[in-house]
Every structure is written in structure tokens, then in C-alpha cells.
Amino acid sequence: MRRKFLLQKSRQLIRENQELGIENSGHFRLEFEGNPTRMDVMEALSVLEVA
């Protein structure tokens with residue numbers, strides 16, 4: 001029962017990341033609007049991690 005819940009939750013979070021423009025790093029969750037390039041998003045997360 002718990003395993004099924006965790007799998008559903010994982011799928012939901014993965015879909016949310018893909019559809020809503022959300023990326024995570026070690027310490028940050030970045031939500032964005034529009035269509036920035038993946039490189040721009042990853043660079044922003046890198047800057048935040050270094051800071």
C-alpha cells in the first residue's frame with residue numbers, strides 16, 4: 001500500500017517538474033514561467049548553489 005502511494009507521488013512530482021517548469025538542485029527548487037533554455041535554468045541553479 002505504502003509503496004503504491006510512493007510510486008504515485010514520484011510520478012506526480014516528475015510530471016510536475018516536466019509540465020510546470022520546475023527544476024531542483026541540492027538546496028533549491030526553481031520554478032519558472034515561459035520557455036527558458038535548459039542551459040539557462042541549470043546555470044541559474046548552479047549560481048544559487050555556489051552562492
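Predicted model: local features only at pLDDT ≥ 70, side-chain atom pairs only at ≥ 80, totals over all residues.
User: Which figures describe burial, contacts and surface for the chain as a whole?

Analyst: Of the 51 residues, 10% count as buried. Among contacts between residues at least 6 apart in sequence, 3% join residues at least 24 apart. The accessible surface comes to about 4700 Å², and 55% of that belongs to carbon and sulfur atoms.

User: Why is V41 called buried?

Analyst: The term buried requires a relative accessible area under 20%. V41 has 5% relative accessibility, and therefore it counts as buried.

User: Where does V41 lie, and which residues does V41 touch?

Analyst: V41 lies in helix 2. Not counting residues up to four places away in sequence, V41 touches E23, L30, F32 and P36. The C-alpha atoms of V41 and G21 are separated by 9.5 Å, and these residues are 20 apart along the chain.

User: How do you know whether V47 is buried or exposed?

Analyst: A residue counts as exposed when its relative accessible area is over 50%. The relative accessible area of V47 is 52%, so V47 is exposed. V47 has its place in helix 2, which covers residues 38-50. Between V47 and Q12, 35 residues apart along the chain, the C-alpha separation is 28 Å.

User: Why does R38 count as exposed?

Analyst: The cut-off for exposed is over 50%. R38 has 52% relative accessibility and therefore counts as exposed. R38 lies in helix 2.

User: What makes R29 partly exposed?

Analyst: Partly exposed lies between the limits for buried, under 20%, and exposed, over 50%. R29 has a relative accessible area of 44%, so R29 is partly exposed.

User: Where is R29 found, and which residues does R29 touch?

Analyst: R29 is found in strand 2, which covers residues 29-31. Leaving out residues up to four places away in sequence, R29 touches E16, I22, E23 and N24. The C-alpha atoms of R29 and M1, which are 28 residues apart along the chain, are separated by 29 Å.

User: Why is the pairing of E31 with R29 called a salt bridge?

Analyst: A salt bridge needs a side-chain nitrogen of Lys or Arg within 4 Å of a carboxyl oxygen of Asp or Glu. The closest N and O atoms of E31 and R29 are 3.2 Å apart. The pair therefore meets the cut-off of 4 Å. Side chains of opposite charge can pair when their charged atoms come close.

User: How many salt bridges does the structure hold?

Analyst: The structure holds one salt bridge.

User: How do you know whether E31 is buried or exposed?

Analyst: Exposed means over 50% relative accessible area. At 55% relative accessibility, E31 is therefore classed as exposed.

User: How far apart are the mean positions of the positive and negative charges of the protein chain?

Analyst: The protein chain has 8 positive and 8 negative charges, and their mean positions are 18 Å apart.

Methods: Residues numbered from 1 in each chain as written. Heavy atoms only, no water. Buried < 20%, exposed > 50% of the residue type's maximum accessible area, 1.4 Å probe, protein only. Contact = heavy atoms within 4.5 Å. Areas by Shrake-Rupley, 256 points an atom, 1.4 Å probe, with all protein chains shown as cover. Lys, Arg positive; Asp, Glu negative; His and termini not counted. Charge placed at Lys NZ, Arg CZ, Asp CG, Glu CD. Helix = DSSP H or I, 4+ residues; strand = E, 2+ residues; numbered from the N terminus.
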